Amino acid sequence: MAVVHSIVSRATGTRYVLAIIAPRASLPCLKIVQDRRSNAGGSVGRTRVVPGTTEDISRRFVEDIADQDDDFDRWYVDVVKRAELADDAPVRGCKIIRPYGYALWENMQAALDTRIKATGVQNAYFPMFIPESMFQREADHIEGFAPEVVRVTRAGESELEEPLVVRPTSEAIICPMYARWVQSYRDLPILINQWCSVVRWEDRPRAFLRTTEFLWQEGHTCHATPEEAEERARQMLEVYRDFIETELAIPVVPGEKSDAEKFAGAHRTYTVEAMMGGKNWALQSGTSHDLGDHFGRVFDIEFLDRDGERKFAFNTSWGLSHRTVGAIVMVHGDTNGLKLPPRVAPIQTVIVPIWRKEAERDVVEDFVGEIEARLRDNVRLFTDRRDDKTPGWKFSEWELKGVPLRIEVGPRDVQNGQVVLVRRDTREKQSVPVGQLQETINGLLVQIQNDMFQAAQQRLTDMTVKVSTLDEMYERISNNAGFSNAGWCGNAECEKRVKAESHATIRCIPFAQPDDPGKCVVCGDKAQHEVIFARAY
RNA sequence: CGGGGAGUGGCGCAGCUUGGUAGCGCGCCGCGUUCGGGACGCGGAGGCCGGAGGUUCAAAUCCUCUCUCCCCGACCA
């Protein structure tokens, strides 16, 4: 059935496999498939090994995203590019967020922004440039960010009298402004958020997950008491948890960071950690910091309290970035591409009209118009009317782009007054009479959102295992087996050793703790907490 | 910042060992036939071969220098 030849390119060391396949029909089918063992750059557009029968191959004739199990990182890059979420920029480490990816981000922004405002926070905007001297006032802060800070030293034709730092985060410019605005306890609290981009020079960029410039929101609050700041930090973490689980259908583990993993200059750092697909690595998906009065002291945010005492204010900061877009891709995606949660999907339902002859086209088009009129106001809808693509091509395309529901409308459907409705997540098809379409779609979108969350929750549960020995834990880590729960004595040395030996870090100390955390998985002393060890992006 | 690899139409690559003025697949444009799971035929457009210098009658190909990107390691949302 298939004749296979193997050729190794001298130039690149790449092995090519020529598979000549006898097809069902008379058309000869020659497929060049490539075994990627070279590290040559570039990925999109190549063809690859497709095991199976002739039928499989004709079905997946042009398959050019890597297989998830085969090479998950490559799969991620391919999907992001092919689904038109993002593209490479001419500047190192920077990415273009394309309209489809940006529409997704906008939907996420809207949902999160609403939640943030509901807690009494207002939006504002602070400049991206920070005078270097201001940035350097906080020692831990400058030390923490020094390797990745970009400085501007020239403007126009002249050297700047003082270099400007391009914000890697905005504490250093927001806190001095708070110092100016706060005189009395009556001026507190200040609750401000800003949507902006920040710049951190990165060595190993990955679209959405780690780029030189990235989009996020950063909230900065200022309080009269440590209790209030602590409460706010915890409150915003809960906002993130709710947002990520409800809108993105991604289950997370909320908890506290160890000292080593804390934000530079923070009193306490809280995090929500999610488990990605493929390698089951962790992704820090949102963080909230109780900064104590540290930044208040450094930046002179001083006020007269109601007891007549002068005091330094207590701050929090909290951020969630567009790396959560990457989380959606990695948590929900499958071998066919993206799978977007209905609540944030730019297109919730796509209509693919099908016809053979011009006469059919008119009939189908009328019917499609009727369907659009029924659905338009309640569903984010798009009709793919391109006539240079076949329906089959469109099915694959919209699956790749992760649209939750697809409506197929052909002449047969028009005749029966129904449509074929297909779920992206399960690929199940059903025929639905147009009269019931609106109702069915509304129900399915909710169902899909729930099912996606449940599936991710199931995997998180299955892939989180309590370990009691280092060997067991390292075994899991090297097998990409997911999260390992383990006792930890609280000693930074033990944490460091694990990182050096396995690349895994303490992702967080979960809020949900067992009655007895047992013994430290490293040194065997009595454990203070049960923590999650995992590799992270 | 250490180790490895690659730069040739939009994308993926071949050509280089053995110099002779660039080719394939996909994509793109036009026309026609198609269209219920990634269609096909015919006809087109598109490249000073990353850059600079050198050798030569002649350089994508040989030599020197340089830039960029990618992959693997140490740091990070």
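Predicted model: local features only at pLDDT ≥ 70, side-chain atom pairs only at ≥ 80, totals over all residues.
Glu-132 belongs to helix H4 (residues 132-135) and Arg-151 to strand E8 (residues 150-155), so the pair ties together parts that are 19 residues apart in sequence. The two ends of this bridge sit in contrasting surroundings. Glu-132 has a relative accessible area of 13%, and because buried means under 20%, Glu-132 counts as buried.

The pairing of E8 with strand E9 (residues 158-166) is antiparallel and runs over 5 bridges. Within this part of the model, Arg-154 stands opposite Glu-159 in E9.

Tyr-125 is found in the loop between strand E6 (122-123) and E7. Together with Met-128 and Phe-129, Tyr-125 forms a nonpolar patch on the surface, and the three residues share about 300 Å² of accessible area. The relative accessibility of Tyr-125 is 54%, and since exposed means over 50%, this tyrosine counts as exposed.

Returning to charged residues, side chains of opposite charge can pair when their charged atoms come close. How many salt bridges does the count come to? The total is 44 salt bridges. One of them joins the side chains of Glu-247 and Arg-115, with 3.0 Å between N and O. This bridge links distant parts of the chain, as Glu-247 is in helix H7 (residues 226-247) and Arg-115 in helix H3 (residues 99-118), 132 residues apart. Are Glu-247 and Arg-115 buried or exposed? Both residues are buried.

Another salt bridge connects Asp-307 with Lys-311, where the closest N and O atoms are 3.0 Å apart. Here each partner falls in the intermediate class. Asp-307 has a relative accessible area of 48%, which lies under the 50% limit for exposed residues, so Asp-307 is partly exposed. Elsewhere, salt bridges link up into a network, whose members are Glu-399, Arg-406, Glu-408, Arg-427 and Lys-429.

These local features can be set against the chain as a whole. Chain A contains 15 helices and 26 strands. Of its 537 residues, 52% are buried. Among contacts between residues at least 6 apart in sequence, 65% join residues that are at least 24 apart. The accessible surface of chain A comes to about 25,000 Å², and carbon and sulfur atoms account for 49% of that area.

Methods: Residues numbered from 1 in each chain as written. Chains lettered and ligands numbered in written order. Heavy atoms only, no water. Salt bridge = Lys/Arg side-chain N within 4 Å of Asp/Glu carboxyl O. Helix = DSSP H or I, 4+ residues; strand = E, 2+ residues; numbered from the N terminus. Buried < 20%, exposed > 50% of the residue type's maximum accessible area, 1.4 Å probe, protein only. Contact = heavy atoms within 4.5 Å. Areas by Shrake-Rupley, 256 points an atom, 1.4 Å probe, with all protein chains shown as cover. Pairing = 2+ DSSP bridges. Patch = residues over 30% accessible without salt bridge, like charges linked within 9 Å, V, L, I, M, F, W, Y side chains within 5 Å.
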